[in-house]
Amino acid sequence: MADSVAMNGGDGLNSYKQNSKCQGEWFDEAKVLLRNSIREKLTINKNSNATTITPVFKIADLGCSVGPNTFACVRTLIEAVKLEFKAQGFETQLPEFQVFFNAIMLPTTSTLFQWLTRVPQEVTKEVSPAWNKGRITYARSESSKVEEAYAAQFARDMKAFFTARSAELADDGLLAIPMPCRPEPSLPSESTLMNILECLGDALADMVKEGLLSEAAVDSFSLPIYVPSASEVEGVILLGTKNKNLGCSIERLEEMRFPAKVSSAEEVRVSCFHARAAMEDILCKHFGSDLNVDELFKRYSDKLEEFSKSPQFARIKNLANLFVLVKRN
């Protein structure tokens with residue numbers, strides 16, 4: 001990403017630290033899968049020098065941001081690895097743990113996996129059949145070319161991601177990714193998350209109509225976000241493995257579904273704070289001082305509440321996360 005995007009820092013009302021509860025809930029859902037994956041898939045090689053050398057076990061949290069979630073994740077991993085060492089008879093050879101934290105918001109990163117490295121170029125060009133005028137995502141675009149451009153960019157980013165990770169992982173190393181997805185067999189335009197984000201686009205459009213923002217500024221703004229299906233993710237990995245571009249294999253691929261929490265005034269309020277913590281930086285970088293952020297998210301709250309009561313939301317109200325486990329061959 002040419003200009004990296006950051007979650008809101010600090011510990012204020014609009015900070016990511018204060019508004020990352022849903023990510024923590026997602027991780028809680030994935031804990032059992034993570035523990036089971038370590039128990040079933042972790043390879044522990046016997047060290048012939050175990051009596052004199054303490055083994056080192058390295059963990060990297062890619063996209064840790066700030067707040068308590070990353071520590072809960074690492075704690076779960078360390079506890080699960082220790083249990084597996086003991087279960088395999090290495091209770092006297094427990095490793096030294098080294099943990100690396102990467103807080104850069106790039107598609108190298110678990111629950112940020114929906115963020116692309118860039119908005120597809122075709123979407124931003126007025127002469128392109130994929131120009132996404134008046135919309136900030138592909139969810140309600142008039143042309144199927146917009147969806148296709150986003151899906152192609154996601155596939156390119158996925159390939160680059162797994163190529164890099166397969167080079168970094170130790171032999172038999174594991175990579176666990178809990179990531180947003182859309183339930184099978186829904187279409188890209190039916191993603192609940194993307195339709196929720198389009199409520200932000202509706203709020204921007206109203207501000208254009210009232211002269212609070214320029215139409216050109218909104219037309220040139222699109223979110224670099226794509227929510228894939230499980231089959232799309234699996235297809236990219238399998239294709240890379242077949243072409244020998246990726247040195248890893250899929251060990252587990254499981255979809256977890258849960259309802260979108262925007263059915264009450266309090267849930268809408270929480271969702272708006274979460275969206276602001278994640279989106280404020282990218283919005284301010286694009287619109288600059290012309291944008292009244294407080295006004296935008298007040299309008300977003302109204303649009304989100306309206307959408308939550310619509311027949312469309314009733315049809316697509318489930319969110320989903322995908323747990324992906326790959327192993328370095």
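The questions and answers that follow concern a predicted model.

User: What share of the residues in the protein chain is buried, and how many helices and strands does the protein chain have?
Analyst: Ten helices and five strands are found in the protein chain. Among contacts between residues at least 6 apart in sequence, 82% join residues at least 24 apart. Of the 329 residues in the protein chain, the buried share is 48%.

User: What is the order of the strands in the open sheet of three strands?
Analyst: E3 and E5 are joined in the antiparallel sense over eight bridges, and E4 and E5 (residues 318-328) also run antiparallel, here with eleven bridges. Strands E3 (174-181) and E4 (248-259) each have a single partner strand, so they stand at the edges and one side of each is left without a neighbour in the sheet. Neighbouring strands of this sheet are turned against each other by 15 degrees on average, direction ignored. The order is therefore E3-E5-E4.

User: How many of the eleven residues of E5 are buried?
Analyst: A residue counts as buried when its relative accessible area is under 20%. By this criterion E5 is largely enclosed by the rest of the structure, because the number of buried residues among its eleven is nine.

User: At about what angle to E3 does helix H4 run?
Analyst: Helix H4 (residues 144-168) lies across E3, E4 and E5. These strands form the open sheet with antiparallel pairing. Relative to E3, helix H4 runs at about 160 degrees.

User: How is H8 placed relative to H9, and what is the handedness of the crossing?
Analyst: The axes of helix H8 (residues 265-287) and helix H9 (residues 293-308) come within 10 Å and cross at roughly 135 degrees. That angle makes H8 oblique to H9. The contact involves, among others, Val268, Ala275, Met279 and Leu283 of H8 and Leu296, Phe297, Tyr300 and Leu304 of H9, and its residues are, by class, eleven nonpolar, two polar and four charged. The handedness of the crossing of H8 and H9 is right-handed.

User: How many charged residues are there in the contact of H5 with H9?
Analyst: Helix H5 (residues 192-209) and H9 have axes that come within 8 Å and cross at roughly 125 degrees, which makes H5 oblique to H9, and their crossing is right-handed. Among the residues that meet are Asn195, Asp202 and Asp206 in H5 and Glu295, Arg299 and Lys303 in H9. The contact of H5 with H9 divides into eleven nonpolar residues and one polar residue, while the number of charged residues is five.

User: Is Asn195 buried or exposed?
Analyst: Asn195 lies in helix H5. Not counting residues up to four places away in sequence, Asn195 touches Ala139, Arg140, Ser189, Glu190, Phe307, Gln312 and Ile316. With a relative accessible area of 0%, Asn195 is buried.

User: What is the relative accessible area of Ser222?
Analyst: Ser222 has its place in the loop between helix H6 (215-219) and helix H7 (230-242). Not counting residues up to four places away in sequence, Ser222 touches Val119, Val123, Asn132, Arg135, Ile136 and Tyr150. Ser222 is buried, and its relative accessible area is 8%.

User: Which residues are joined by a cis peptide bond?
Analyst: The peptide bond in question has an omega of about 0 degrees. One of its residues, Pro185, is found in the loop between E3 and H5. The cis peptide bond joins Glu184 and Pro185.

User: What is the phi of Asp172?
Analyst: Asp172 is found in the loop between H4 and E3, and at 31% relative accessibility Asp172 counts as partly exposed. Although Asp172 is not a glycine, its phi is positive, at about 65 degrees.

Key. Residues are numbered from 1 along each chain as its sequence is written. This is a predicted model: local features need pLDDT of at least 70, side-chain atom pairs count only at pLDDT 80 or more; totals for chains, interfaces and linings use all residues. Side-chain values use heavy atoms; hydrogens and water are left out. Axes are lines fitted to C-alpha atoms, for helices over the stretch in contact, and angles run from 0 to 180 degrees between N-to-C directions. Helices (H or I, at least four residues) and strands (E, at least two) are DSSP runs, numbered from the N terminus. Angles under 35 degrees count as roughly parallel, over 145 as roughly antiparallel, 65 to 115 as roughly perpendicular and the rest as oblique. A crossing is left-handed if the near helix is turned anticlockwise from the far one by less than a right angle, and right-handed if clockwise. Contact means heavy atoms within 4.5 Å. Ala, Val, Leu, Ile, Met, Phe, Trp, Tyr, Cys and Pro count as nonpolar, Asp, Glu, Lys and Arg as charged, and the others, Gly among them, as polar. Two strands pair if DSSP finds at least two bridges between them. Buried means under 20% relative accessible area, exposed over 50%, partly exposed in between (1.4 Å probe, protein chains only).
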